[in-house]
Amino acid sequence: MIQKGLIMKAISGFYYVETADGLLECKAKGVFRKKGITPLVGDMAEVEDNTVVNILPRKNELLRPPAANLDQALMVVSAQSPDPNLMVLDKLIAVCEYKDIEPVLVVTKTDLCNGEWLCELYRSAGFTVVSTSVDVDNVEEIRGLLKDKLTLFIGNTGVGKSTLLNRLFPELNLATAEISEKLGRGRHTTRHVELYPLPEGGFVADTPGFSTVELSQYDRILKGDLQHCFREFQDYLGDCKFLDCSHRVEKGCAVLEAIHEGKINVSRHESYCALYEDAMKIKEWEK
């Protein structure tokens with residue numbers, strides 16, 4: 001009998017699917033490999049005899065971290081230790097915008113360093129931003145953002161991602177590790193993507209931390225699409241002098257004028273330009 005279920009985690013070729021009969025440990029049908037299809041955490045799947053036989057249509061997917069059908073990505077970034085890497089953060093945000101995944105930022109460790117500048121940078125760009133520390137208890141505010149959504153938790157190694165999840169949901173009891181003084185970052189404590197059901201409804205997915213990000217590992221965004229991945233550009237895109245404006249150096253560019261007037265943050269535009277340089281190397285046929 002075929003059952004439908006949600007893939008909760010995937011480890012070493014085994015897929016753990018939550019069905020009406022409980023959690024089933026399954027293998028994937030061999031035809032997936034032949035077709036180049038990989039079942040992902042967050043997929044709705046059809047299962048027969050402990051085998052995943054079909055993946056239902058996805059609304060989106062990420063290849064790294066591997067997950068599907070995401071409503072939002074909660075990006076955990078620390079005010080200090082490690083210091084925020086805006087280029088990495090903007091790469092992740094651009095991919096989420098491209099995939100129609102709502103980015104939400106949580107700035108941690110504000111007891112170590114005043115991170116208001118970071119919060120304001122992204123609030124002014126149009127994102128929901130919450131700051132937290134050992135002294136600030138805003139657990140209910142963050143939990144409210146997660147209700148009835150499938151949320152991917154993602155962040156640089158050592159930013160306190162699993163620690164934050166444990167504060168939000170102590171019953172998860174996720175493994176954490178101290179910051180490495182020698183490396184200035186945390187040890188990897190999450191080894192795979194796994195969904196956790198929330199008492200209020202919805203799911204959160206904890207993911208392995210990362211130390212560097214290459215956009216090509218997430219998705220290839222063509223240069224013509226990149227402008228739509230920076231939401232603070234949207235009010236100005238139709239006002240440029242040239243229809244094919246790249247929003248980098250052109251005279252009559254409405255985006256550049258908005259930057260000059262302080263309406264768009266310089267660091268966000270610098271990230272856009274760096275990503276544009278990468279996108280120029282992508283050929284249409286490579287998509």
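Modeller: Angles under 35 degrees count as roughly parallel, over 145 as roughly antiparallel, 65 to 115 as roughly perpendicular and the rest as oblique. The model is predicted, so local features need pLDDT of at least 70 and side-chain atom pairs pLDDT 80 or more, while totals for chains, interfaces and linings use all residues. Residues are numbered from 1 along each chain, and side-chain values use heavy atoms, without hydrogens and water.

Helix α4 (residues 139-146) packs against helix α5 (residues 161-168) at about 95°, with 10 Å between the axes; α4 and α5 are therefore roughly perpendicular to each other. Helices are DSSP runs of H or I with at least four residues, strands runs of E with at least two, numbered from the N terminus. Axes are lines fitted to C-alpha atoms, for helices over the stretch in contact, and angles run from 0 to 180 degrees between N-to-C directions.

From α4, the residues Val139, Ile142, Arg143 and Leu146 meet Leu164, Arg167 and Leu168 of α5, where contact means heavy atoms within 4.5 Å. By class, this contact of α4 with α5 has five nonpolar, no polar and two charged residues. Nonpolar here means Ala, Val, Leu, Ile, Met, Phe, Trp, Tyr, Cys and Pro; charged means Asp, Glu, Lys and Arg; the others, including Gly, are polar.
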